[in-house]
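Hi everyone, thanks for coming.

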Number of protein chains: 2
Amino acid sequence: MVRSFTIGLDFGTGSVRAVVVDCADGKILGTSVFDFPTGLGGVIVDAHDPHLARQNPADYLAGMRAAVPTALAAAAGDPGFSRDRVIGIGVDTTGSTPIPVDADMQALALDPKWAANPAAHAWLWKDHTGADEAAAITAMASEFAPEYLAVIGGTYSSEWFWSKIWRCLKVAPDVFAAAESWVELADYIPAVLAGVTSPGEIRRGVCAAGHKAMYSEAWGGLPAAEFLTRLDPKLAELRPRLYDKAWPSDRPAGTLCQEWAGAFGLAQGVPIAMGAFDAHYGAIGAGITSGTLVKIIGTSTCDIAIASSAGQAPEVPGICGTVNGSVMPGYYGVEAGQSAVGDLLRWWVEVVCGGDEAKHAELSVEAARLAPGESGLVALDWNNGNRTILVDPHLTGLIVGQTLQTTQAEIYRALIEATAFGARAIIERLNANGVLVERVISCGGIAEKNPLFMQIYADVLGYPMLLAGSVQTPALGASIAAAVTAGAKAGGFDDFESAQRQMTKIADTSYLPEPRARGVYDELYRLYRELHDSFGGMPDAQADFPTLMKRLLAIRRRAHGDHTP
Amino acid sequence: MVRSFTIGLDFGTGSVRAVVVDCADGKILGTSVFDFPTGLGGVIVDAHDPHLARQNPADYLAGMRAAVPTALAAAAGDPGFSRDRVIGIGVDTTGSTPIPVDADMQALALDPKWAANPAAHAWLWKDHTGADEAAAITAMASEFAPEYLAVIGGTYSSEWFWSKIWRCLKVAPDVFAAAESWVELADYIPAVLAGVTSPGEIRRGVCAAGHKAMYSEAWGGLPAAEFLTRLDPKLAELRPRLYDKAWPSDRPAGTLCQEWAGAFGLAQGVPIAMGAFDAHYGAIGAGITSGTLVKIIGTSTCDIAIASSAGQAPEVPGICGTVNGSVMPGYYGVEAGQSAVGDLLRWWVEVVCGGDEAKHAELSVEAARLAPGESGLVALDWNNGNRTILVDPHLTGLIVGQTLQTTQAEIYRALIEATAFGARAIIERLNANGVLVERVISCGGIAEKNPLFMQIYADVLGYPMLLAGSVQTPALGASIAAAVTAGAKAGGFDDFESAQRQMTKIADTSYLPEPRARGVYDELYRLYRELHDSFGGMPDAQADFPTLMKRLLAIRRRAHGDHTP
């Protein structure tokens, strides 16, 4: 039997990972990770503006150039592997991460003229500088184009395409003027690999377009020029230099050009799959089906569900988006998320406690010894705003219940719990709006490495927490997309379902809800919701703050075994 | 001219300090500090109950035995000093810190039979285990004896005498039964020095009695037996074994007995002043007058004011107490306080940040570089409950406004600010209820050592922050009480005013409010009050939580120099 292989390229917040995958069983034969050298952990930050987060496009190119050959060399350790049998390349990335490019499709930041200007770099997903612009877009769309909002949960986010471009227009008009077009990282990488030399030739994916740029065939592509003019006429002028059409994930983005074929040591012409976001391809790699919620838990969390596109598109208020074909053809892709999960723990352990990896492990062990409710703490998980269900980047963190004995580990656990409560709010919102969650599969670094975290999630969510069989679901999903793009005749697959059956599985490890812990967390979740709904400005918020600290102490007392009333 | 000297003994939370003072000018000629060896920093704690705090009476005795001779030896460095001219000994202590004693006036904990039982030890001021008892006392007094509450701000505290004794009766009835009587630390020490061998012979001070035990001559001493019976008949049975009469601070508690004269190397018969709380004698040492608020800022803060007893007793809701003669004869002593100030910073630096003294200094330097409002944080200072103005030990901490960039130093500063906001709430309450604050004099470790802290207080309170001229105001105040008790004929003084004129002064250093910072803090204080009033359960609380995080960010933006609306 002739074996086939695909390459998956996964562009994360701090690094790019290349994997070489066996199409027969999804096994990763070779892998290589390249850490982005620019900025703080690969991110350009600004001490005076906590909302700014940019990335250097040069890091992306250097990363691919380094990681792919290394992964291929590693795969060569398998005697059955052959470079000639690499039938496709798939790409997943963070997003919305738009990049300004010039008329030659070169990222502006690669031009020495712009290299020192943060606005000319990639506007990383977690950049929240466009909050005012997002609010204005939401307001304008509410009035003039409510259909744009219906499929993105009712609120346009500061993390997304137009907020960032408009922000650039306001704060760096020179960069805006110099940009021939703007390209999502998920589209930029396939275009670079395909040797595209003009922005007009880029084949853009519907995942980024539909979830972040208000693209839909229902209204003829991107938002109408009339609408953009209301925001700023210069955005309407930009529109024709963007795109008219976006493609689903089973269509090719192009084929490998000579330059990159040489760099990788592969044949020219290998099909390149449409780029998509890490969460969407991650969901495929995790084995998503209708009724499954896939949680990709890392620095942030992305939640992905799918619903058959035979029915009406689900409308879930406060959910990031519902886009036909964004995960796989034939299904609406539904995306939700939390803006800080691993980042929240990293903040606590590294920024506040001044620790490192060993400290993470130490606090995790200590926190695991605590019973639910024992710390007397409850926190909001909003240090980086709230992406779903409040869609408000201007929310901030809150911790309540501290005494003079409250420890690092207690707060560490309270922050994990806060993210679990945030996850529960999302699932409740999905269930209440026709996207039923029947099982939860998790993947991502935290899901793999932090059993305490996963047990808390099982107890808070009340679902068994299943784990994806691969530890590299986004890269695996990108490999699957590559295999589907290549097609069965070339040794791949003709559809995602067949590819998933062969190439994905569920891990043996899972975490079951523990009834006693569930009961305590049901109580704590109610307190969380009082804070969440009040400080989040929900119109039907109900809270009893005069008794909240007392109720926390009562939960704490019971957790310590004191059951006096 | 014949010189005179007095000894001041200051029993703090972690140590006892002995000073030898020159009556001519209040100069400290010799000083010695003894750290209490038992427990954590001198405090017996319970990992399962953050509200428990006890102390070992043996530490008090060992402390005096060590510190007094050392201080006297140091004073001998002054050629004009002579042991024969030590004309009195004064004692100040923490409180309410009641100690169960046996029929021979020995602290129960000194008996090997009880040494391992925390309930048999001294119930330190910050022990909050009697919270339920305090609430029940408040409820009962509201119904049957509202006059008891009028002079203690309307609420009986868990930190006080009866809450602790009743708690002991409930959780350790054997200790309660073994106790012949209960004695405040402030009365215990003078009685020990005077060689009192039976609880009935102790001369108790009106400071502890009036502020903590609901003692008043207006209703014939301690609460009536009928009232105590309503709490528990066993408390009524205890009443006759306590005391009928308490004495003001210019009356002697006794004279030095042979045993302790020998231990100190002093003559038998030296007068011992009535014991009082550290804050009250500290206020005298700081130069208190009518219109002056003295803040003793240490692990906690005690605020002391006085009002002429020619007028009616001021009634200030939520203020710890108003007791005729508790600071000095001829004035009502008014006491307020905050249960965690230095302790709150220590929690942050030592428990959470895992640092030591050097870390305190480092964070202080870093926090000083921040402009008011720059951190975007606001906190409640309730990690140890709220003593004044909410009188609720079951309140806990709260911090709001964290981002993923929030630093240790930002939270350190926010916690200082939180205590300053708490201090402002107290001053506003005093001013609104007829105890006008015209100037503020501070003393205590933090006031002396932390200029950042004092500047923040000046900016938040809007008063110049003056410093007492002595760094040992409680011990100095105790020395002044000793000089007044000895009397002018013996080389002391006939009244406190004359003694203060000679023996106290204001320091050259002071901190003036900076108008710009005041403006920012006025805004932040409003946010603090929204949280304070809501989470504290004030009936007229007004808060707009849906916009609170946004308003914090707006203050933050302006602090960063962004003045766009």
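Predicted model: local features only at pLDDT ≥ 70, side-chain atom pairs only at ≥ 80, totals over all residues.

Let's start with chain A and two of its helices, α1, which covers residues 57-75, and α6, which covers residues 185-193. Their axes come within 12 Å, and they cross at roughly 50°. So what do we call that arrangement? With that angle, α1(A) is oblique to α6(A). As for the hand of it, the crossing of α1(A) and α6(A) is right-handed.

Now, which residues actually make that contact? On the α1(A) side you can pick out A:P57, A:Y60, A:L61 and A:M64. Across from them, α6(A) brings in A:L185, A:Y188, A:I189, A:V192 and A:L193. If you sort the contact of α1(A) with α6(A) by class, you get 9 nonpolar residues, no polar ones and no charged ones.

Let's hop over to chain B and look at α1 (57-75) and α6 (185-193) there. The axes of this pair come within 12 Å and cross at roughly 50°. The two helices, α1(B) and α6(B), are therefore oblique to each other, and their crossing is right-handed. Here B:P57, B:Y60, B:L61 and B:M64 from α1(B) meet B:L185, B:Y188, B:I189, B:V192 and B:L193 from α6(B). By class, that contact of α1(B) with α6(B) comes out as 9 nonpolar, no polar and no charged residues.

Back to chain A for another pair: α16, residues 451-461, and α19, residues 515-535. Their axes come within 7 Å and cross at roughly 70°. That angle makes α16(A) roughly perpendicular to α19(A). This crossing of α16(A) and α19(A) is right-handed. From α16(A), the contact uses A:I456, A:D459 and A:V460, while α19(A) puts in A:A517, A:R518 and A:Y521. What classes of residue do we find in the contact of α16(A) with α19(A)? There are 4 nonpolar, no polar and 2 charged residues.

Okay, on to the backbone. As background, most peptide bonds are trans, and most residues other than glycine have a negative phi. So let me show you some exceptions in chain A.

A cis peptide bond joins A:G95 and A:S96, with omega at about 0°. If you want to find A:S96 on the screen, go to the loop between β6 (86-93) and β7 (98-101) of chain A.

Another cis peptide bond links A:T388 and A:I389, and there omega is about 15°. A:I389 sits in the loop between β19 (378-380) and β20 (397-402) of chain A. While you're looking there, check A:V391, which also lies in the loop between β19 and β20 of chain A. Phi of A:V391 is near 50°, a positive value in a residue other than glycine.

Last topic: cavities. How many cavities of 30 Å³ or more are there? The count comes to 9. The largest cavity holds about 70 Å³ of space. It is lined by 16 residues, and the closest to its centre are B:Q338, B:D381, B:W382, B:N386 and B:T388.

Where does that lining come from? In chain B, β18 (331-338), α14 (408-432) and α19 (515-535) each supply at least two residues of the lining of the largest cavity. The largest share, 3 residues, comes from α14(B). By class, the lining of the largest cavity divides into 6 nonpolar, 8 polar and 2 charged residues.

Methods. Residues numbered from 1 in each chain as written. Chains lettered and ligands numbered in written order. Heavy atoms only, no water. Axes fitted to C-alpha atoms, helices over the stretch in contact; angles between N-to-C directions. Helix = DSSP H or I, 4+ residues; strand = E, 2+ residues; numbered from the N terminus. Parallel < 35°, antiparallel > 145°, perpendicular 65-115°, else oblique. Left-handed = near helix turned anticlockwise from the far one by under 90°. Contact = heavy atoms within 4.5 Å. Nonpolar A, V, L, I, M, F, W, Y, C, P; charged D, E, K, R; others polar. 1 Å grid on protein atoms, 1.4 Å probe; cavity = no way out; pocket = protein on both sides within 12 Å on 5 of 7 lines; lining within 4 Å. Points joined across faces, edges and corners; volume = space filled by probe spheres on them.
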